[in-house]
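User: Could you walk me through how to read a few features of this model? I'd like to start with a pocket.

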Amino acid sequence: MRKKIIIISCVILGILLIATGVYVIPRLLRRFPDKAAYATYLKCYSEDGLYYKKGNKIYFLDADTHKSAVVCSKANCNHDSEDCNAYIEGANMFMYYDGYVYVSSFVVDANSDNGEVEFFGGARLDGISCDGSKRVNIYNADCGAVLSVKAIDGDIYFTAYKFRNEKDFTDPVHDNYLYKYDLRWNKSTCLYEYNDDSESQYSSALEIAEGDSKNIYIQHSWCTDSSGSEPDINVDLFKLEDDQMQLLDSWENVYWINVLDNEEYGIASVKGQEEDADTIIYEFKDDKIGETELMRIKDGYGDIMHEYISVVNTDYKKLLYDIKNNKYYIANTTFTEEGTYISDVHDIDEEHNRIYIDNHDYTGMLPGTVYTEDMSDYGVVDFDVFRDTFYTELDDLTDEQRKQLDAMDWIVIGER
């Protein structure tokens, strides 16, 4: 009898060891991309093309065929409900990493009963496999939103906030969190939580700064006084080291600070809190923001696109800044304010010589015009051809163009 029990025990142990090996060993052997990835607003690219949102569906634009398709491979799917892998209501941030496109989303709904309004909503972070066959949930909450996402060595870091009063979204007080999701073991950990009650907290945000390096910089913006029409905004800049937040510096009366950090170079963009404040681009090195201005955007906006900044003042006044090589390219139409409309830039993938653009021609459409549908038409062309056709490097400007540039009231070019 004892011998029989020993045999059964050995068999059970063997089965457990085999099952453990089947689960553990593949995860221990799994390899993740060496290059970090970070999320961008409403679209992101992979080595094969661009993922983007249109309506409530996620599409993929194939860079070789120039054709777009919904990212769902379910048979007979109408792509019009949550049953579809590509259907995500309220999608906002996109990141491609290791065969999946990760999409954050949030929705808000209201219910009125006897004059009292209750707000309902949800926040999510989902991963969709590049072939559209799978969809996995990384984060789910009843309220709030996911603000930023970055992936490094098999870990997804993301920030999120939740309203303190979950049933009244008009109350701006909310708590902020920094999470790490381990893709190897499918495990989520909260690394940092901000819910400071020592002051009269009015509003705050915790966001991961952009950057292709493995360094993680996080800005925490907050204000404590809601009595005035424009409460003072403060920004603390942290660096995450060994999963611990280390404060680098603090600023007052600043709306936001964004950092793009690579191994060889970096820049920081600083925006004042006033509505018409300039956006100033500084060099960022050794965890410090330099004092020399590389560029000052006085009117318009600048989007960081991996190793470039795309600056737009109007449909004809545009500029590209090559951060790595410290080169400025200005749109040819900047000096004439007429001629061929230059397509809006969605993202730049210089490694594969691609630029993703909006092919729709908006020439003649007046500012302030309200559109009832998404007019964008996503396309991809060779980056060097696009740049050299529609832009001129500042070193190649004529004397007359240089005078016009120096007199412009929307951009100031500094030195590096």
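User: Which residues lie nearest the centre of the second largest pocket?

Analyst: General idea first: on a 1 Å grid over the protein atoms alone, a pocket is an open set of points with protein on both sides within 12 Å along at least five of seven lines, and lining residues have an atom within 4 Å of a point. Here, Lys35, Ala36, Tyr45, Asp212 and Glu351 lie nearest the centre, out of a lining of 34 residues. The pocket holds about 760 Å³, a volume being the space filled by probe spheres set on the points, which are joined across faces, edges and corners. Bear in mind that this is a predicted model, where local features need pLDDT of at least 70 and side-chain atom pairs count only at pLDDT 80 or more, while totals for chains, interfaces and linings use all residues. Residues are numbered from 1 along each chain as its sequence is written, and side-chain values use heavy atoms, with hydrogens and water left out.

User: Which strand gives the largest share of that lining?

Analyst: Strands are DSSP runs of E with at least two residues, and helices are runs of H or I with at least four, numbered from the N terminus. E7 gives the largest share, with four residues. Strands E1 (37-38), E3 (43-45) and E27 (345-349), along with E7, each supply at least two lining residues.

User: What is the strand order in the open sheet of five strands?

Analyst: Two strands pair if DSSP finds at least two bridges between them. The order is E23-E24-E25-E26-E30, with antiparallel pairing. E23 (301-305) and E30 (391-393) are the edge strands, each with a single partner, so one side of each has no neighbour in the sheet. From one strand to the next, the twist averages 20°. Zoom in on E23 and E24 (308-312) and you'll find five antiparallel bridges, with isoleucine 304 partnered by isoleucine 309 in E24.

User: Which helix lies across that group of strands?

Analyst: Axes are lines fitted to C-alpha atoms, for helices over the stretch in contact (heavy atoms within 4.5 Å). Angles run from 0 to 180 degrees between N-to-C directions. Helix H2 (383-390) lies across E24, E25 (318-322), E26 (327-331) and E30, at about 85° to E30.

User: How many salt bridges does a search of the whole structure find?

Analyst: Look for a side-chain nitrogen of Lys or Arg within 4 Å of a carboxyl oxygen of Asp or Glu. The search finds 14. One of them joins arginine 135 and glutamate 82, at 3.3 Å from N to O. Arginine 135 sits in E10 (135-141) and glutamate 82 in the loop between E6 (68-70) and E7 (91-97), so the pair ties together parts 53 residues apart in sequence.

User: What is asparagine 234 in contact with?

Analyst: Leaving aside neighbours within four places in sequence, its contacts include His220, Trp222, Cys223 and Trp251. Asparagine 234 lies in E17 (234-241) and is buried at 13%. Its C-alpha is 5.8 Å from that of asparagine 253, which is 19 residues away in sequence.

How values were computed: Buried means under 20% relative accessible area, exposed over 50%, partly exposed in between (1.4 Å probe, protein chains only). On a 1 Å grid over the protein atoms alone, a cavity is a set of points where a 1.4 Å probe fits but cannot get out, and a pocket is an open set with protein on both sides within 12 Å along at least five of seven lines; lining residues have an atom within 4 Å of a point.
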